[in-house]
Amino acid sequence: MDAKELVRYFKTLGLEVHTTTKARGHQGFFIKNRIDISKNLPQNRVVPTLLHEFAHYIHSKLEKDINKTGGSLEVLFLSTTPVIKEELLNVTHFVDENSLCIRLYEHKARIKERVKGFEQIIKADYPEFLRSKKFKAFEKYIKRSKAKYLLKYDRVKLISGFFGTHEEIFTIDNLEKDFPDMPEAFCAYIRLRSALRKQSRITSRINRYKKYYERPTELFARFVEGLYMDKEWTQALAPVTSKIFYSLLDSGYYTELHNVLKLAGVEKYNTMTVV
């Protein structure tokens, strides 16, 4: 469909719509009565993104402060049925594959293998080594070495001299070169600590993404987006949710979303059959 037609309709509702901004680095965003769509979006993503942001607008009419609270599924669907969240997550994974965090999980798995490799190197000389316990031999050694700074950072710059004229740069990649007397097991331990830091950062990113995608307002917006992208498949992924949604839609609960779905070409949106 023509995105301009949707924008014109949005403006008749008093919405301020911008399609020539960077949308704060996102595909789009909704705040108060304003919708921004990124000017860098490919053409096939403009309408789905407009629908996504309009769904946030509809939600904001049903529930206050959704940008802060994330909203609630109980308000959106007038139901506490647990299966709704599960179904909406399935639709979210279909609509936005980034929600699966596949690359992050793959990266985390690779780092996990590296950690195992470093542990094997350490245990070759220190078979009693456990990550959960102090590595006493290493701690005794590292006190006398400038490599101790690499226990927290992968790269450090040390400046010394009366006028700060002497500069040294150390990295975990050059341990053997910078510290030729350091035992192999200790080099492996420093790299293990670095890998664990990276693993922790990736875990934090995954948790942030999951928290974002599981916000009720985001689940609802991607459900609406899914109806436009592939109505039949979205209904198949979320049969219970779809039945509740269409019943509320026909009753006028979602106000202008009724008209917007028609404008978007989601034909016969209210004629589905759920077994």
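Reader: I'd like to start with two helices. What is the handedness of the crossing where helix 2 passes helix 10?

Author: Helix 2 goes past helix 10 in a right-handed crossing. Keep in mind that this is a predicted model. The two axes come within 8 Å and cross at roughly 140°. Angles over 145 degrees would count as roughly antiparallel, so helix 2 is oblique to helix 10.

Reader: Which residues make that contact?

Author: From helix 2 you have R45, V47, P48, L51, H52, A55, H56 and H59. Helix 10 answers with T217, E218, F220, A221, R222, V224, E225, Y228 and M229. Sorted by class, the contact of helix 2 with helix 10 has nine nonpolar, four polar and four charged residues.

Reader: Now helix 5. At roughly what angle does its axis cross that of helix 10?

Author: Helix 5 covers residues 83-95, and its axis crosses that of helix 10 at roughly 55°, coming within 9 Å. Helix 5 and helix 10 are therefore oblique to each other. The crossing of helix 5 past helix 10 is left-handed.

Reader: Let's move to pockets. How does one find where empty space is left?

Author: The general idea is to roll a probe the size of a water molecule over the atoms, which shows where empty space is left. In this structure, the largest pocket holds about 950 Å³ of space. It is lined by 33 residues, and H26, D96, Y212, Y213 and R222 are the closest to its centre.

Reader: Which elements supply at least two residues each to that lining?

Author: Strand 2 (28-31), helix 2 (43-62), helix 3 (66-69), helix 6 (102-125), helix 9 (184-213) and helix 10 (216-229) each do. By class, the lining of the largest pocket comes to 12 nonpolar, 10 polar and 11 charged residues.

Reader: How much space lies in the second largest pocket?

Author: About 240 Å³. Its lining has 14 residues, with A3, K4, T19, Q43 and V46 the closest to its centre. Helix 1 (3-12), strand 3 (34-38) and helix 2 each give two or more residues to that lining.

Terms used:
Residues are numbered from 1 along each chain as its sequence is written. This is a predicted model: local features need pLDDT of at least 70, side-chain atom pairs count only at pLDDT 80 or more; totals for chains, interfaces and linings use all residues. Side-chain values use heavy atoms; hydrogens and water are left out. On a 1 Å grid over the protein atoms alone, a cavity is a set of points where a 1.4 Å probe fits but cannot get out, and a pocket is an open set with protein on both sides within 12 Å along at least five of seven lines; lining residues have an atom within 4 Å of a point. Grid points are joined across faces, edges and corners, and a volume is the space filled by probe spheres set on the points. Helices (H or I, at least four residues) and strands (E, at least two) are DSSP runs, numbered from the N terminus. Ala, Val, Leu, Ile, Met, Phe, Trp, Tyr, Cys and Pro count as nonpolar, Asp, Glu, Lys and Arg as charged, and the others, Gly among them, as polar. Axes are lines fitted to C-alpha atoms, for helices over the stretch in contact, and angles run from 0 to 180 degrees between N-to-C directions. Angles under 35 degrees count as roughly parallel, over 145 as roughly antiparallel, 65 to 115 as roughly perpendicular and the rest as oblique. A crossing is left-handed if the near helix is turned anticlockwise from the far one by less than a right angle, and right-handed if clockwise. Contact means heavy atoms within 4.5 Å.
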